[in-house]
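Biologist: I'm new to this one, could you walk me through it? Please show me the structure before we start.
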Amino acid sequence: MARSTHIHWPVLIRQAHLYLGMLIAPSLLMFAASGAFQIFRLNDAKPGYTPPAVIKTLGELHKSQRLTAPPRPPRPAQPGGRARAPEAAPKTPLSRTLLQWFSLVVAIGLFVSTALGIWMGAMQSRWKVTARWLLLAGIVIPVLVLFIPG
């Protein structure tokens with residue numbers, strides 16, 4: 001009996017989804033986590049607040065695709081030698097606050113969903129070995145590219 005040459009699209013699509021998902025999942029986790037910190041500007045230094053090094057580094061990686069920010073030139077002194085008094089921060093509108101909190105929920109949902117997808121792909125798939133290799137590649141490739149000189 002002749003072997004069928006029919007393409008099983010659902011299987012092919014599921015396999016492609018698994019492979020692509022495992023390759024990009026580590027980056028998705030990084031962008032979801034660093035984006036969550038950036039929603040409330042936790043990666044930016046402010047008077048009285050210095051962000052932890054890991055949050056600052058993740059923020060720089062997210063925004064500029066580098067590990068450290070270039071040094072900022074010193075601010076010129078104010079005329080007359082006086083420092084300007086700090087201005088009161090304007091009140092944040094309710095709509096922005098609500099959108100920030102919703103965005104945080106989205107970032108957490110993306111992180112959790114991606115982590116569950118990794119678990120499903122690495123543990124529950126019939127293509128476990130390939131999925132695990134692609135997950136490793138998704139971790140190693142960006143790290144290697146980050147350290148290419150120039």
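Modeller: Helices here are DSSP runs of at least four residues, numbered from the N terminus, and please keep in mind that this is a predicted model.

Biologist: Okay, so where does leucine 61 lie?
Modeller: Leucine 61 lies in helix H2, which covers residues 53-64.

Biologist: And is leucine 61 buried or exposed?
Modeller: Leucine 61 has a relative accessible area of 18%, and because buried means under 20%, leucine 61 counts as buried.

Biologist: Leaving aside its neighbours within four places in sequence, what is leucine 61 in contact with?
Modeller: With those neighbours left aside, leucine 61 is in contact with Met30, Arg66 and Leu146. Leucine 146 is 85 residues apart from leucine 61 in sequence, while the two are 9.3 Å apart in space, C-alpha to C-alpha.

Biologist: Switching to serine 34, which helix is that in?
Modeller: Serine 34 is placed in helix H1, where it counts as buried at 1% relative accessibility. Apart from its neighbours within four places in sequence, serine 34 is in contact with Leu58, Gly59 and His62.

Biologist: How do the axes of H1 and H3 cross?
Modeller: The axes of H1 (residues 9-39) and H3 (residues 94-124) come within 9 Å and cross at roughly 155°, which means that H1 is roughly antiparallel to H3. The crossing of these two helices is left-handed.

Biologist: Which residues make that contact?
Modeller: On the H1 side they include Leu18, Met22 and Ile39, and on the H3 side they include Gln100, Phe111 and Ala122. The residues of this contact divide into 16 nonpolar, five polar and no charged.

Notes:
Residues numbered from 1 in each chain as written. Predicted model: local features only at pLDDT ≥ 70, side-chain atom pairs only at ≥ 80, totals over all residues. Heavy atoms only, no water. Axes fitted to C-alpha atoms, helices over the stretch in contact; angles between N-to-C directions. Parallel < 35°, antiparallel > 145°, perpendicular 65-115°, else oblique. Left-handed = near helix turned anticlockwise from the far one by under 90°. Contact = heavy atoms within 4.5 Å. Nonpolar A, V, L, I, M, F, W, Y, C, P; charged D, E, K, R; others polar. Buried < 20%, exposed > 50% of the residue type's maximum accessible area, 1.4 Å probe, protein only.
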